[in-house]
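Welcome, and please open the model in your viewer. We will go from stop to stop, with something to select at each.

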Amino acid sequence: MAKILIVDDEEHIRMLYQVELEDEGYEVVTAADGKDLVGRIEREKPDLVVLDIKMAGYNGLDLLQEVRNRFYDLPVILCSAYDSFRRDIKSIAADFYVVKSSDLTQLKRTIARALESVGHTKT
Amino acid sequence: MEFYEENPDKVSQADIVVGIPSYNEARFIPYPTQQASLGLVQFFRNYKSVIINVDNHSTDGTREAFFGTETEVPKIYISTPEGIVGKGANLRNLFRKVVELGAKACVVVDADLRSITPRWIKNLAEPVFQDFGFVAPLYVRHKYDGTITNSIGYPLTRSVFGRRVRQPIGGDVGFSGEMAKVFLEHPLWNPMVESYGVDIWMTIVAICQGVPICQSFLGRPKIHKTRDPASEVAPAFKEILGTVFTAMMHFTDYWRKIRWSRPTAIFGFGLGEVELPPPVEVKPQALYERFRQGLAQGMETWKEIFPQEVFSKVSEVAEMDPRRFDFPSDLWAKILFSGAVSYARSESERDRILDSLIPLYYGRVYSYVLRTQEMSMQQAEEYIEEQCTVFEEARPFLDERWPG
């Protein structure tokens, strides 16, 4: 069972994603901000991270670089309400970029694909 | 391989090497040599460094121009014997010297580079000191510069070998001393790699070696001797594509396990305003004519090497009105995959298979030019990314047909 870390400063997003992804069979942990994200990942050892971009006090694109440099093969999905950050060169360090929606179909599909890319199949 | 070396400062050890491969580049080589020296002094002052011109026995005074360029950093000149040409042959001499000097990092920059700044040296070497084994460049290129990269190198490297290296044939790279040893001793060395194939070969070998790869943003566009996309591409095309197909055969066990591509790390932000590259002139009509000229001869080979569904689609495309010409990405992916399969199956026909794909390449580039002519560079880049997604989704087509 894959473990997913959701990093988002909006509580309702964290709750929605947690409920829906746990229904899919994933183990889900959440973080409300980017504080000590690298340390958090070292402790929690998630198989995948879903990372918001615009968070109060934190820029998800900068956090992404720290995560990618430290955990080269950890899948990271950028998840933002804004499509425009897709054009920021920093975003290419992410596996995928998903625009937020109340319908999580696209996010779930992307998570499955990202996990498949590292040989993780859902059980 | 024999070589000739001049090492006037008797350099016997270095931490960083900047290698500049060349063949008759007397006019251009002073600039990258000078910039390399400035970069090494500015950013790596506490490291022992050396600049090495690895040359193909140039006859235009390249060696003199190199040594005649004033630098604070010592210089070494190494040449292949007379008659041996090819960037790969030059880089092989570089790999050997990097290993001999015990260097931790090596940067390679093209001798005709006019946009290099000292910061390029920093951005290509520093990731190596952060434990990246291979550093590929990320630079802004005009939408019509690098058509072989955009239509073949990048989509194939990404969809088959599973890493999103945007400029796998970049020419300006960094790598560790350990990777230099891997390159030097690698069994997958052949005449194609010795010539035009070496750049993409290094990228693929690094990917399959499993070392962490970084793409380093160089800010400035690559300004070099650009090529009109409609110009004769045969030697470069065949050697680059042949190198990829041969690598697919060698690394089958590696790439068969890949299903979706992964990103790399990125380096080199905060460079301020990004310059736009100069325009690259393209002649769409010439592209279309080269496509049409190759049809009659190509059809014979395509009937043998393509599955019926692919051959039918190619025939359909061949009949299209040039003003409404469209060469779908999915078809292009299946053409390249079918070509790879046939190449792997038939040793005696490899040259003919590669030759037969050239007119289709022109057709694909013609279609790309029509599609992107009103697009900004950013929009064209998004189109190239969509193309790569199509390649990845077409992977089962390759997997089902690959021998063994």
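Is B:C214 buried or exposed? Select B:C214: at 1% relative accessibility, this cysteine counts as buried (under 20% relative accessible area; exposed is over 50% and partly exposed lies in between, with a 1.4 Å probe and protein chains only).

A word on conventions: this is a predicted model, where local features need pLDDT of at least 70, side-chain atom pairs count only at pLDDT 80 or more, and totals for chains, interfaces and linings use all residues. Residues are numbered from 1 along each chain as its sequence is written, chains are lettered from A and ligands numbered from 1 in the order in which they are written, and side-chain values use heavy atoms, leaving out hydrogens and water.

B:C214 is in none, and its nearest cysteine sulfur, that of B:C106, is 16 Å away. Over in chain A, A:C79 is buried too, with a relative accessible area of 1%.

Now select residues 147-161 and 234-250 of chain B, which are helix 5 and helix 8 (helices are DSSP runs of H or I, at least four residues, numbered from the N terminus). Their axes, lines fitted to C-alpha atoms over the stretch in contact, are 11 Å apart at an angle of about 5°. That makes the two helices roughly parallel (angles under 35 degrees, on a scale from 0 to 180 degrees between N-to-C directions).

Finally, select helix 13 of chain B, residues 329-345. Of its 17 residues, 15 are buried, so helix 13 is largely enclosed by the rest of the structure.

Technical notes. Parallel < 35°, antiparallel > 145°, perpendicular 65-115°, else oblique. Disulfide = S-S within 2.5 Å. Expected span 1.5 Å × (residues − 1).
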